[in-house]
Amino acid sequence: MGVVAFLHAKGAPGTTTTALLAAALWPGPVLLVDADADGGDVALRLRRRDGAPVDRTRGLLSLLPLARREMQPETVPEHAQELSGGIEAVAGLSGPGQAGAAGHLWSNLADAFGRTIDRDVLVDCGRVSPQSSHLPLLQRADLVVCVLRPTVSGVVHTRERLAALQPSLVGPDGHRPRVGLVIVSDRP
């Protein structure tokens, strides 16, 4: 199956909301991974299907120790929780400290996401730069979607960020994901 990574260049243009909407409308089985290195929002914004809060210790935090060695792709969905609305989601980390500490483990997680055979994986990466610790998630994605607002600063920052990211998007195997844009506006 495929991996789609969502990111933004600056501000909060609605990347998490876009990823959630894509997961809710996805035409087949899908898993949403909250991998925003600045701290995951999905667990804070939504509840599980049973009405209980999302368990923030079950998700990326519980997957990271397993990522120290090659993970089987079926391991990833075992750390997901069903959200209200039926979306299966892997809860994110609490902030940059945890994301930075993951270091090289992002590569192993990205490999596991890419080998998932029974569902597509949508990854909310949040803000990404060429120095981001979770850059391997983009390098191994099939499609990278940059979310932006239709403002001068939104367009300029996105253009500059994507230009800076282009050389970094080439994975270790030479794979380069396709890149697309989603423009989020308050007006029709």
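Two strands are said to pair if DSSP finds at least two bridges between them. Helices (H or I, at least four residues) and strands (E, at least two) are DSSP runs, numbered from the N terminus. The model is predicted: local features need pLDDT of at least 70, side-chain atom pairs count only at pLDDT 80 or more, and totals for chains, interfaces and linings use all residues. Residues are numbered from 1 along each chain as its sequence is written, and side-chain values use heavy atoms, with hydrogens and water left out.

**View 1. Strand β1 and its two partner strands.**
Strand β1 spans residues 3-8. Five bridges join β1 to strand β6 (residues 143-148), and the two run parallel; here Ala5 has Val144 as its bridge partner in β6. Five bridges also join β1 to strand β5 (residues 120-127), again in a parallel arrangement. In β5, Asp124 is the bridge partner of Phe6.

**View 2. The two faces of strand β1.**
Six of the six residues of β1 are buried, so the strand is largely enclosed by the rest of the structure. Buried means under 20% relative accessible area, exposed over 50%, and partly exposed in between (1.4 Å probe, protein chains only). Val3, Ala5 and Leu7 point one way from β1, whereas Val4, Phe6 and His8 point the other way.

**View 3. The nonpolar cores.**
A nonpolar core is a set of buried Ala, Val, Leu, Ile, Met, Phe, Trp, Tyr and Cys residues joined through side-chain atoms within 4.5 Å. The largest has 37 residues, and those with the most contacts inside it are Val33, Leu60, Trp106, Leu109, Phe113 and Val123. Helix α5 (residues 105-114) gives the most to this core, with six residues. Apart from it lies another core, of 19 residues, among them Phe6, Val30, Val54 and Ala91.

Contact means heavy atoms within 4.5 Å. Not counting residues up to four places away in sequence, Phe113 touches Val3, Val33, Leu60, Val76, Val121, Val123 and Leu137. Leu122 lies in strand β5 and is buried, with a relative accessible area of 0%. Leaving aside neighbours within four places in sequence, the contacts of Leu122 include Val4, Phe6, Trp26 and Val33. The C-alpha atoms of Leu122 and Arg45 are separated by 17 Å, and these residues are 77 residues apart along the chain.

**View 4. Thr75 in a loop.**
Thr75 is found in the loop between α3 (60-63) and β3 (81-82). Thr75 counts as buried because its relative accessibility is 16%. Not counting residues up to four places away in sequence, Thr75 touches Leu63 and Leu66.
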